[in-house]
Amino acid sequence: MLENGKSSFLAKGHFLSFVSFLLLFFLFAFFIRFGAHRFDVLRSFFPVSTAIVFVLHMFLTIIILIRFHFNNTHLHLIAIASAYGLSSLFLANSLFIYPGVLISESNIKESANALAVDFVIRSFSMAVLFLLSVLFYIKNKYNYVNKSTVTASCTLVILIAVGFAVVIISNNNILQLPIIEPDELNYRRLWSSHIGNALIIIWVITTFTVVFFTKLVNGFWFSLSLSCVAFLGSILLMWRSAYVTSLAWYGSHLFEVLATLFVVLAFIYDIYKLYQKGLEDYLESYEKSIRDSLTHLYDRRYFDNRLASRIKGASEISPISLFFIDIDHFKSINDGYGHPVGDKVIRRVADTMVASVRKTDVVARYGGEEFAIILKGLNTKSASRIAENIRNRVSEEVHVHGGPEKVTVSIGVYTITDQHLSADESVSRADAAMYQAKKGGRNRVVVYSHPISDFEHTVA
């Protein structure tokens, strides 16, 4: 999902994507309209939303790195994992310094500016890392970057972001970033300076870059673009209302939660698709391992296992019928026309048998020109009719090399009603019935019975 989309994700018209965009639009309109209202009672929402985003960002970092581990050609995932990992670090610090959440006993006014600094630096660094992810995505297509370059670039961004935060929040006189006015708990300073404008500009650029350069080729990039839109909406809501306790301020945090959820859902879907593909590949591989390469019928090992399994449920009420089928005079066909013609005859006989039985019946190539069929729930009479139908169809529809010479088969039938009978004994009895069909003149169906002289048979 992360790389192989051949058509625009938007062109697929995903309903959930459209609903997500509408949700963001209506929420944004709501908070723009009512965002100026202040609700001190909602102050507890900040640590709750911060904790939620922290957990989601940590979760994203882990699953992105796991995803990269399984396909380390997607170098852009390193930058995205770095973005969410760095964000988790800043969010953990915000929870640590928020009054009453962990061990901090300070007043909200004392830590408000530090919280704002965390937000500003975190937003800038995430936008930069998102931009780098797009750059690495584009460059990686042409093998212009390697893992070392990507890792070094992301590490440099992280070190610069953490370094700035440590210097600024520590109230160092060399470099300070006053954003919040503690007495009124407003952040007018942010928007009266170039910092707020720069935040808006960098997220506009990031959103445009993700949309334009990735062309939203798959659900991951589309979800990341929605995440960028949500981050941009979060900043615009803060710009709309300058007070910490305003509804718009809390709305901006809700937008960040939604932004993270978009990417989480995209990666969960990606993991689901990988699991589905792995399961399909396994089933395909398993099917190939139990199929005969020439006829695509089940092989002898699978047949023996299925027979042993089905015999366990055999009874008079639920019998299991077993066919053993051999192509008559097959050696002369091979010797007279060659092995390619012989192989073609085997395939045609196999196709005829499959077309003559139910999908639940097990049709196998037992070896060479011999075939075996397991039919569940059919008594001797019903099984004999099907066997006779197979014999007739082969003699009428299968010809040697497309000529007039017909192909015939001999069929032995044995119906199992005793679940204590072994699979080997059942095979021996069906094989003995087929041998009697051969001995009796071929092109016939023989039903096994005791004693040997009592074999029942039908002749063409």
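**Reading the packing**

Author: Begin with one side chain. This is a predicted model. Leaving aside neighbours within four places in sequence, Trp 203 is in contact with Ser 123, Met 126, Ala 127, Phe 130, Cys 228, Phe 231, Leu 232 and Ile 235.

Reader: Which residues of the largest nonpolar core touch the most other members?

Author: First the general idea. In soluble globular proteins, nonpolar side chains tend to be buried together. Here the largest nonpolar core has 64 residues. Leu 60, Ile 64, Tyr 84, Phe 130, Trp 203, Trp 221 and Phe 267 touch the most other members. Elements giving two or more residues to this core include α2 (45-70), α4 (108-141), α7 (194-214) and α9 (247-289).

Reader: How do I read a helix pair?

Author: Two packed helices are described by the angle between their axes and the distance between the axes. Take α11 (residues 330-337) and α12 (residues 339-356): the angle is about 140 degrees, and the axes are 7 Å apart.

Reader: Why are α11 and α12 called oblique to each other?

Author: Roughly antiparallel needs an angle over 145 degrees. The angle here is about 140 degrees, so α11 and α12 are oblique to each other. Phe 330, Ile 333, Asn 334 and Tyr 337 of α11 meet His 339, Val 341, Gly 342, Val 345 and Ile 346 of α12. Six of these contact residues are nonpolar, three polar and none charged.

Reader: What about the whole chain?

Author: It has 14 helices and six strands. Of its 460 residues, 48% count as buried.

Methods:
Residues numbered from 1 in each chain as written. Predicted model: local features only at pLDDT ≥ 70, side-chain atom pairs only at ≥ 80, totals over all residues. Heavy atoms only, no water. Core = buried A, V, L, I, M, F, W, Y, C linked by side-chain atoms within 4.5 Å. Buried < 20%, exposed > 50% of the residue type's maximum accessible area, 1.4 Å probe, protein only. Helix = DSSP H or I, 4+ residues; strand = E, 2+ residues; numbered from the N terminus. Contact = heavy atoms within 4.5 Å. Axes fitted to C-alpha atoms, helices over the stretch in contact; angles between N-to-C directions. Parallel < 35°, antiparallel > 145°, perpendicular 65-115°, else oblique. Nonpolar A, V, L, I, M, F, W, Y, C, P; charged D, E, K, R; others polar.
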